Amino acid sequence: MSAKTSVQTGAYDEIELTEEEIQAAIYEAKKKKAAKINESKYWESIKKPIEKLQLTAEQLQEQAIKTALAKNPKFKNDEHFSKVLWSLSLYFANDARFEALNEFFSLRKGIALFGNIGCGKTTVLNLFTENPKLSFSVIPCKNIAEEFQRTGIDSIAVFKSLKVQSFRNDPFGHKEFGTVFDDLGTEETKKNFGNTVNVMASIILDRYNNQEIWSGTHFTTNLTGTEIEEFYGSRVKSRISEMFNIIKFNSEAPDRRQTF
């Protein structure tokens with residue numbers, strides 16, 4: 001039989017505990033104290049500012065080239081690609097030098113990337129999905145139009161603001177994310193229960209009304225300015241001129257689908 005030990009417990013001085021009971025009580029006390037310590041450490045970590053990754057335009061460009069080469073060792077940062085790559089490196093690094101490239105450029109605007117089919121528009125933007133300015137997702141315009149046809153107007157409403165993706169662990173500390181609307185002009189006008197909507201025109205006009213999200217709004221297209229006006233109307237074309245930095249691939253840029 002285990003020995004009994006007297007303990008001081010105030011009104012319970014006369015109560016004696018076995019050695020096993022004492023050890024069990026000590027264990028529970030330590031367990032509760034450890035939980036309090038861990039809780040305290042957790043809340044202290046929450047209070048600390050998040051250490052965000054910082055990259056210069058030069059570093060961002062270097063990282064983009066490494067990523068491109070990792071995807072395909074035959075990638076070449078040629079004369080057609082390098083100019084666009086450097087412009088985007090400045091922009092997504094939030095570097096004031098971007099605005100010196102063109103009198104109409106502004107860091108508060110988004111990016112509209114024009115170029116022939118296969119020249120590398122989507123490829124180059126995919127190299128910057130995580131960036132210091134505002135990380136983003138790339139969504140084909142065709143998919144958005146098809147989703148509207150299936151589910152209706154709510155599928156467009158989600159694009160009225162920046163996206164919040166709690167599951168996405170962004171190295172730059174972003175909690176909200178922008179969107180690249182890929183291949184503007186490839187979508188068709190769709191109907192949902194009799195309602196005909198030019199989906200991308202509606203999204204652009206909605207986002208135009210909120211200047212705070214312009215820099216989180218981008219698109220790629222192989223349309224010309226005239227074709228955009230024919231497809232979406234003069235109002236949308238005018239809004240595009242205001243809310244986007246227009247960047248164009250050289251018309252002689254090669255088809256990069258052969259290397260990606």
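The structure holds twelve aromatic pairs, where rings of Phe, Tyr and Trp (its six-membered ring) pair if their centres lie within 6.5 Å, and planes under 30 degrees apart count as stacked, over 60 as edge-to-face and the rest as tilted. This is a predicted model, in which local features need pLDDT of at least 70, side-chain atom pairs count only at pLDDT 80 or more, and totals for chains, interfaces and linings use all residues. Residues are numbered from 1 along each chain as its sequence is written, and side-chain values use heavy atoms, with hydrogens and water left out. Helices (H or I, at least four residues) and strands (E, at least two) are DSSP runs, numbered from the N terminus.

**Aromatic pairs and charges over rings**

- F92 and F136 form a tilted aromatic pair, with 5.4 Å from centre to centre and 40° between the planes.
- This pair links distant parts of the chain, since F92 belongs to helix α3 and F136 to strand β4, 44 residues apart.
- F92 counts as buried at 1% relative accessibility, and F136 likewise counts as buried at 1%; buried means under 20% relative accessible area, exposed over 50%, and partly exposed in between (1.4 Å probe, protein chains only).
- The ring centres of F98 and F105 are 4.6 Å apart and their planes lie at 5°, so this pair is stacked.
- Both F98 and F105 are buried.
- A cluster linked by ring pairs takes in Y91, F92, F98, F105, F128 and F136.
- The charged end of K133 sits over the ring of Y91, 5.1 Å from its centre; a charge sits over a ring if NZ of Lys or CZ of Arg is within 6 Å of the ring centre and within 35 degrees of the ring normal.
- R239 lies over the face of Y208, at 4.5 Å from the ring centre.

**Strand β6 and its partners**

- Strand β6 covers residues 176–184, and seven of its nine residues are buried, so this strand is largely enclosed by the rest of the structure.
- Strand β4 (residues 136–140) pairs with β6 in the parallel sense over five bridges; two strands pair if DSSP finds at least two bridges between them.
- P140 has D182 in β6 as its bridge partner.
- Strand β5 (residues 163–164) runs antiparallel to β6 and is joined to it by two bridges.
- The bridge partner of K163 in β6 is F177.
- Strand β9 (residues 217–221) pairs with β6 in the parallel sense over four bridges.
- T217 in β9 stands opposite T179.

- Strand β3 (residues 110–114) is mostly covered, with five of its five residues buried.
- Both faces of β3 are covered: one side carries G110, A112 and F114, the other I111 and L113, and all of these are buried.
- β3 and β10 run parallel and are joined by five bridges.
- F114 has K248 in β10 as its bridge partner.
- β3 also pairs with β9 in the parallel sense, over three bridges.
- The bridge partner of A112 in β9 is F219.

**The largest pocket**

- Rolling a probe the size of a water molecule over the atoms shows where empty space is left.
- The largest pocket holds about 260 Å³ of space.
- On a 1 Å grid over the protein atoms alone, a pocket is an open set of points where a 1.4 Å probe fits, with protein on both sides within 12 Å along at least five of seven lines; lining residues have an atom within 4 Å of a point.
- Grid points are joined across faces, edges and corners, and a volume is the space filled by probe spheres set on the points.
- The largest pocket is lined by 13 residues, of which K83, V84, S87, I247 and K248 are the closest to its centre.
- α3 (79–92) and β10 (244–248) each supply at least two residues of this lining, and the largest share, six residues, comes from α3.
- By class, the lining has six nonpolar, four polar and three charged residues; Ala, Val, Leu, Ile, Met, Phe, Trp, Tyr, Cys and Pro count as nonpolar, Asp, Glu, Lys and Arg as charged, and the others, Gly among them, as polar.

- N94 is not a glycine, yet has a positive phi of about 60°.
- N94 is found in the loop between α3 and β3 and is partly exposed, with a relative accessible area of 42%.
- D183, although not a glycine, has a positive phi of about 65°.
- D183 is found in strand β6 and is partly exposed, with a relative accessible area of 27%.
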